[in-house]
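Subject: Structure handover

Hello,

The sequence and structure are below, as discussed. My notes on salt bridges and the nonpolar core follow.

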Amino acid sequence: MKKIVLSKEAPAPIGPYSQAVIHGNTLYVSGQIAIEQSTGNMITDNIEAETDQVMKNLGFILKEAGADYNQIIKCSIFVSDMGNFAKINEVYGKYFPENPPARETVEVSCLPKNVNVEISCIAYI
C-alpha cells in the first residue's frame, strides 16, 4: 500500500504526479525544481541559489514524511549544463557533510520550466 506525501511548504506538482510516495519504509521524492512556494517565484538568478532552493524543497517534503537529509539513500541530479556541475556540487555537498547518499548526475537537453537543475531522491523512513 502506498501513501501520498504533500507538503504545503514545497511547490505543488505541476503535472499528474505526487510530490512523494511512501511504500513500506521507502520514500520516493519526485524531482524538485527551484520554485519558492511562498512567492511562486522561480529562483534562477544563479545556479547556487537555484540549487539551494531545490534542496530546500526536497527538505520540506522529507520533513512532511517524517524524514531528513540524513535518511536519503540516493539522489538523481539532472542538469541542463554540466559546466555548472562544480557549483551545484558545492551547494549540494553542504546538505550532506558526512556520509552522503549514492547519486548520479546527468546532463539533459531541457528540464521543466527551462530550469537549470532538478533533483529527486529516495530515502528511508
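In this predicted model, the count of salt bridges comes to two.

One joins Asp52 to Lys56, with the closest N and O atoms 3.3 Å apart. Both residues sit in helix H1 (residues 47-64), and because they are four residues apart there, about one helical turn separates them. Asp52 is partly exposed at 24% relative accessibility; Lys56 is partly exposed too, with a relative accessible area of 37%.

The other salt bridge is between the side chains of Glu104 and Lys74, at 2.5 Å from N to O. This pair links distant parts of the chain: Glu104 belongs to strand E5 (residues 102-107) and Lys74 to strand E4 (residues 72-79), and they lie 30 residues apart. Glu104 has a relative accessible area of 28% and counts as partly exposed. Lys74 is also partly exposed, at 27%.

Now the core. The largest nonpolar core has 30 residues, and those touching the most other members are Leu27, Met55, Leu62, Ile72, Phe96, Val117 and Ile119. Two or more residues each come from strand E2 (20-23), strand E3 (26-32), H1, E4, helix H2 (85-94) and strand E6 (117-124). H1 contributes the most, with six residues. In soluble globular proteins, nonpolar side chains tend to be buried together.

For Leu27, setting aside neighbours within four places in sequence, the contacts are Val5, Ala20, Val21, Ile22, Leu62, Ala65, Cys121, Ile122, Ala123 and Ile125.

Regards

Note on methods:
Residues are numbered from 1 along each chain as its sequence is written. This is a predicted model: local features need pLDDT of at least 70, side-chain atom pairs count only at pLDDT 80 or more; totals for chains, interfaces and linings use all residues. Side-chain values use heavy atoms; hydrogens and water are left out. A salt bridge is a side-chain nitrogen of Lys or Arg within 4 Å of a carboxyl oxygen of Asp or Glu. Buried means under 20% relative accessible area, exposed over 50%, partly exposed in between (1.4 Å probe, protein chains only). A nonpolar core is a set of buried Ala, Val, Leu, Ile, Met, Phe, Trp, Tyr and Cys residues joined through side-chain atoms within 4.5 Å. Contact means heavy atoms within 4.5 Å.
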